[in-house]
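Please open the structure in your viewer and keep the selection tool at hand. The tour goes from one selection to the next and says what is there.

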Amino acid sequence: MSVTRMKKINICALRDNRKQILELLQNLGVIEINFNDKMPEGFERMNTATQISVFDRNITLAENAIGVFEEHVPEKTSMFASLEGKKDVSKDDLNDIIERQTDIMLQVGSVIKQGKDIEEMKLEISRCEDEIVAIEPWTSLNVAMNTRGTKTTDFVVGILSSPYTQEQLNSLVEEKEFPKECYFKVVSFDDYQTYITVLMDKKNSEEVMKKLHDLDFTRPTIITHHLPKESIKRRLKRIEDYNKQIEEITADLEKQKDLAITFKRISDYYRIRADKYRTLGRLDQTKHTFFISGSIPENRFDKVKEILESQFVVSVIGEEFKDEEAPVLLENGKFTGAVEGVVTSFGFPNRLEIDPTAITAFFYYFLFGIMLSDAGYGFIMFVACFLALKKFPNMEKSMAKSLRMFMYCGISTLIWGILFGGYFGDAISVISKTFFGKTVTIPPLWFEPIKKPMQMLIYCLIFGIIHLFTGLAIKGYMMLKQKDVAGFICDIILWYVMLIGLMLMLIPTDMFASLLGAKLVFPPAVNMAAKIMAGAGAVGILLTGGRGRKNPLKRLLLGAYSLYDVTSWLSDLLSYSRLLALGLATGVIAQVINTMASMGGKSIGGVIMFVLIFVIGHIFNMAVNLLGAYVHTNRLQFVEFFGKFYEGGGREFSPFMEKTKYIKIKNEE
C-alpha cells in the first residue's frame, strides 16, 4: 500500500541558466512541471517554435532514413525481438552523436535520396511492365504503331470492345457498309477485345473513323515508335538496367546498415531536445529570472534541491499538498508491483484512498491459480516467463511487469495443481496405463475438484467471502484514517454484523447441508446469536443508511435502499462460482484430450498420434483457459473487490524526463 507521498516544488533561478537547469531536470526525471494557461502580468515566454520545428524536421528525416533501411535491408530479428526493449547508450556515446550531428544528418539525407531513387526506379519498372502488357497484343504487327500511311492512304491501329476473328470482322465491315477502299486486319484478340489495323483511302478517312466510333473503336494507350517486338525488348532492357541499379544501391545500403543505429540515436536526441524546448517555451520568465513549479516525490526533494543549489544560483522551496489532488506515483516491490497494471487500468487511487496493489496482488495470484489449477500448465508459465525476464533485462517496464505477473500466476497455478492433483489433467495415469500397462497416479495433496465439485463450490464461496470482507475492511480502514467513526460503525460494522449473522443462520439449513454433504448443527445459543446479529445489523442499516438527511421519511427510505444492497452481496458472492467453473473446465478438457490421444494404443502409430494430439490439445487448452483465468480474475477484482472500497480517479504522475523511442540513456552518476 504505497502511494508515494508527493510535495510541491518551486524553483526560481537566473534566466541565463534556464537551459542547463531544464537539461538537468530532464535527466533526473523526477519533477512533473505545472504550466499556467495564462501568463501572469509582468512575465514573458520564450518563442521556441523555430527550434522545435527544426528538431521535429530532423526527427522526421531520421525516421525516414531508418525506414529506408528497414524496407530495403531489414535487420534479421528473432520472434522475441519485441521483448528486447531499448538499447543502452552511455552519455559518452550520446555526446559523440551530438558532436557529429551535422555529418550524421548529411548521411541521413544521402540514405533518404537512395531510398527515393529506388522507389522512383520501381515506379519506372512498374510503368514499363504495364506498357509491355499493353504492347504484347500487337507483337505480330510488322510496322511501327505510329505509322500514318502514305500520301493517299491513312493507317490507324485500334481496339474494338468485342472479340472478332478475321472472318467475323470482315462480315461486320460488310454489314456496316464501310467503303470498299478500306482494309481491316485482326492483329490479335482475347475474350474481351480485338486489336486491329485499318488501311483506308484518305478521302474516306472521316467516314471510316465515324463508323469505327460507332463500333466503340478506341486508340491504344501506348503508341510505339518502333516495331512492337522491338519496343518490348527496349522496355525489358530498361527494366534490367533499373533492377541492376537497385541491386547496386541496395548493396551500398547493406554496407551502411550500421548507420541505422546511429540514426536511431540521433532521432532520440532530437526528440529529447524538442521536449526540452516545448517546456522552455511554456515557462514564465522575467528579464533576469525564470520560474518552475511542479510536483516531486517527497523522498527525492532534498536530493534534487542539493544538486540544484550546488551547481546554480537558485532558490528551491517545497510545499505540502493540502486539499489539492496531488499526482499519483505507485512504488511497490517486484512481487506486488507486477499487478500495478491491473490496478491502474481501473484507475489511480485518489488522495483519500490507499494503494490497493499489495492486497490485490495476493488475491490475484491466489484466484488465478485456482481457475487454471494444473501443475503442468503452471510450470510452463513460470519457466517461460522466468526465462524471458532473464534473457531480456531491457524490455519495457510494462511488459516486464506483465510477464512477472504471469510468472507468479504460474507459481500459484503450479501449487494449486499439486493440491488438486492435476498434471496436464490425468496425463500421468493415462500414459502409464496406455504405454506401460500399469496405472500410476499422483494423488492430490488436498482433494480432486472433478470428483468433489460441491465441496469445491463451498470452498470457492468461502474464498469469495474472504475476498469481499477484505474489501469492506479496507473501506473501514480508510474511514478511520479520515476520522469518520460514525461512517465506520454504520457502513462497516453493521454490515459485518448482519452478514455474519445471515451466514450463521444459513449454515445449519438443509440447502447448505445438500451442498456440503453433511448437516452442521449449532448450539441453540449460537442460533439465537445469529438471529440477533442479523436482525440488529439490518435494523441498524435501516436506521442509519440515510443518516445524512434531516427528513425522517427520506432517511428511512434511504436506509431501506441501503439494506437492499444485501442482494448485491449475494450476487457478488455467487460470482465466485466461476472459480469452480474455470477450474473444472481446465481439468475436464485436459482429460478429454488425454483420452483422445491414447486411443491409438502403444503402437508406433499410436505413439505418434498420442504426441501430436497431446501437444496440440494441451497448447489449445492452456491458451484458452489461461485467457479465461486472466479475464475472470480481472473481473473479480474490478467488479466484486474494488466495488467495495475503490473509486480511483487519481492522476498519474508524469515527470519531465528523457522520453525516447529507441535508446535508454545510462546514467553513470
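Select helix 13, residues 375-391, where helices are DSSP runs of H or I with at least four residues, numbered from the N terminus. Its 17 residues should span 24 Å at 1.5 Å a residue, and because its end C-alpha atoms are 24 Å apart, the two values agree; the expected span is 1.5 Å times one less than the number of residues.

This is a predicted model, in which local features need pLDDT of at least 70 and side-chain atom pairs count only at pLDDT 80 or more, while totals for chains, interfaces and linings use all residues. Residues are numbered from 1 along each chain as its sequence is written, and side-chain values use heavy atoms, leaving out hydrogens and water.

At the start of helix 13, show aspartate 374, a side-chain oxygen of which comes to within 2.9 Å of the backbone nitrogen of glycine 376. Next colour the buried residues of the helix, among them Tyr377, Met381, Cys385 and Leu389 (buried means under 20% relative accessible area, with a 1.4 Å probe and protein chains only). The buried residues of helix 13 pack against helix 12 (357-372), helix 14 (397-420), helix 22 (577-597) and helix 23 (604-641).

Finally, colour by pLDDT, the predictor's confidence in each residue, from 0 to 100. The protein averages 92, and 99% of the residues score at least 70. Among the elements, helix 12 has the highest mean pLDDT (97), and helix 18 (residues 510-516) the lowest (75). Where pLDDT is low, the predicted coordinates should not be read in detail.

Note on methods:
Helix = DSSP H or I, 4+ residues; strand = E, 2+ residues; numbered from the N terminus. Buried < 20%, exposed > 50% of the residue type's maximum accessible area, 1.4 Å probe, protein only. Contact = heavy atoms within 4.5 Å. Polar contact = N/O pair within 3.5 Å; in protein donor to acceptor, adjacent residues only side chain to side chain.
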